[in-house]
Amino acid sequence: MNIYITLDYEIFFGEIHGTVEKCIIYPTSELIRIAEKHNVRFCFFVDCGFILKLDEFRKQFPQLENDYKKITVQVKYLSNSGHDIQLHIHPHWEDSYYNGEHWIIDVKRYKLTDFSENEIESIVMNYKKVLTDLTGKTIFTYRAGGWCLQPFSKLKKIFKQNNITVDSSVFRKGFYTSEHYSYDFRNAPDKDIYKFEDEPEIENPTGYFTELPISSIRNSPLFFWKLFLLGRKNPYLHKPLGDGRAISAPGQRKKMLTQYTDCTVSIDGYNASLLEKALKKLKRKKFENMVVIGHPKSLSRYSLQELEKFVEKNKTNYNFATYSKMFKNK
Ligand SMILES: [Zn+2]
C-alpha cells in the first residue's frame with residue numbers, strides 16, 4: 001500500500017484569514033519534524049496564488065516581505081528535502097488584495113471554472129510557474145481549491161497544455177453545493193486509482209488524466225458531536241494551530257451533526273483519530289493507495305500526535321509515497 005499524506009498549504013479564506021506564521025509555517029515545521037524523525041515524505045499542495053499576491057504587494061507593504069520570505073524559504077526547504085510540491089489553485093486571489101492591514105478576500109469567483117477560458121489559461125500557467133521557479137522541479141499533479149474542478153470540460157485543454165496529468169481532488173460520494181462553491185463526486189467509481197478524460201468522477205480507461213482520489217470514510221453524527229465537544233473540553237490539545245477562520249459552508253455543520261456524512265480521510269483535528277480505521281477498510285477492499293488530506297492551518301496538537309503514531313506504526317510495512325516518486329516517469 002502507498003500512503004500519501006497530502007497537505008493543502010494555505011491561510012484561511014474566511015473573514016479572519018490568520019497569520020502566515022500560525023496557519024502555515026509553524027504547523028508545517030511540526031510536520032517536517034515528524035517526517036525527519038521517521039524518514040518519510042509528505043506531499044504539499046501549495047496555494048501559489050497567495051505567493052503571487054504576496055510578491056505583488058510586498059513592494060508596496062514591506063510588512064509582507066517577511067511572510068513572502070518565510071513561505072518561499074519553507075517551500076524550497078520542503079522540496080529540497082524530498083517532499084512533494086504540487087499545484088493547488090485558489091483563483092479567488094485574482095480578485096483579492098492587501099489593504100495595508102490585512103487581506104481583503106473576495107470569494108465571489110471561488111471556483112476556477114468561474115473564470116473565462118483566457119483567464120483560466122493565464123491562471124494555470126502563472127500559478128504553476130511560481131512553483132516550477134521555486135523548486136526547479138516538474139509540477140504535474142493538481143488539487144482543486146475547495147475540491148471545485150467541475151465542469152472539468154472547461155479546464156481539460158488548458159491542463160493538457162500545461163502537462164498536468166494527475167489529479168487528486170475527488171473523494172467518493174462527496175457532495176456539496178452552496179452559493180460560491182460546489183462539487184459532486186456521488187458517481188465517482190469505488191477505486192483508489194483510475195483514468196479519466198472529460199470529468200474526474202467518470203472513469204475512462206483510455207483517458208489522458210490519472211485520478212488518485214482522496215480516500216473517503218463514512219462518519220456518524222456521534223463522531224462529529226465528539227469532534228465539536230472535545231475542542232471545547234480540551235482546547236490545548238484539540239484547538240487548530242491556525243489562527244484564522246474557515247470560509248462559511250452553510251448547512252454543513254447541521255448536516256454532519258444529524259446524519260451520516262461521507263468525508264475525506266483527514267489529519268485535520270480530531271479526524272486524525274480515524275487513520276487506522278480507514279487504513280484497515282482500504283486493506284479489506286484490496287486498495288493499493290491511501291490518500292489522506294490535511295491542512296497545516298487545521299492541524300491540532302492531537303492530530304500531530306495521531307499522525308506521528310500512524311507513521312511510526314506503518315512506516316516499515318507501507319510506502320509513504322509522493323506523486324513525484326510514483327508518477328514521474330510514467
Ligand atoms: Zn485549499
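Guide: A nonpolar core is a set of buried Ala, Val, Leu, Ile, Met, Phe, Trp, Tyr and Cys residues joined through C-beta atoms within 7 Å. Please keep in mind that this is a predicted model, in which local features need pLDDT of at least 70 and side-chain atom pairs count only at pLDDT 80 or more, while totals for chains, interfaces and linings use all residues. Residues are numbered from 1 along each chain as its sequence is written.

Visitor: Which residues touch the most other members of the largest nonpolar core?

Guide: They are F44, L87 and V292, in a core of 82 residues. The largest share of this core, seven residues, comes from helix 4 (residues 117–135); helices (H or I, at least four residues) and strands (E, at least two) are DSSP runs, numbered from the N terminus.

Visitor: What does L87 touch, not counting residues up to four places away in sequence?

Guide: L87 touches F45, C48, Y127, K128, L131, I139, T141, Y142 and I164, where contact means that two C-beta atoms, placed from the backbone, lie within 7 Å.

Visitor: Why is N39 called exposed?

Guide: A residue is buried if 20 or more other C-beta atoms lie within 10 Å of its own, exposed if 12 or fewer, and partly exposed in between, with C-beta atoms placed from the backbone. N39 has 10 such neighbours inside 10 Å, and therefore counts as exposed. N39 is found in the loop between helix 1 (20–38) and strand 2 (43–47), and its phi is near 55°, a positive value in a residue other than glycine.

Visitor: How do you know that the buried residues of helix 3 are on the same side?

Guide: In helix 3, L64, D67, I71, V75 and L78 are buried. They cover an arc of only 65° around the axis, and therefore lie on the same side of helix 3; the arc is that of the directions from the helix axis to the C-beta atoms. On the other side of helix 3, V73 and N80 are exposed.

Visitor: What covers the buried residues of helix 3?

Guide: The cover includes helix 1, strand 2, helix 2 (48–57), strand 3 (84–89), strand 4 (97–98) and helix 4.
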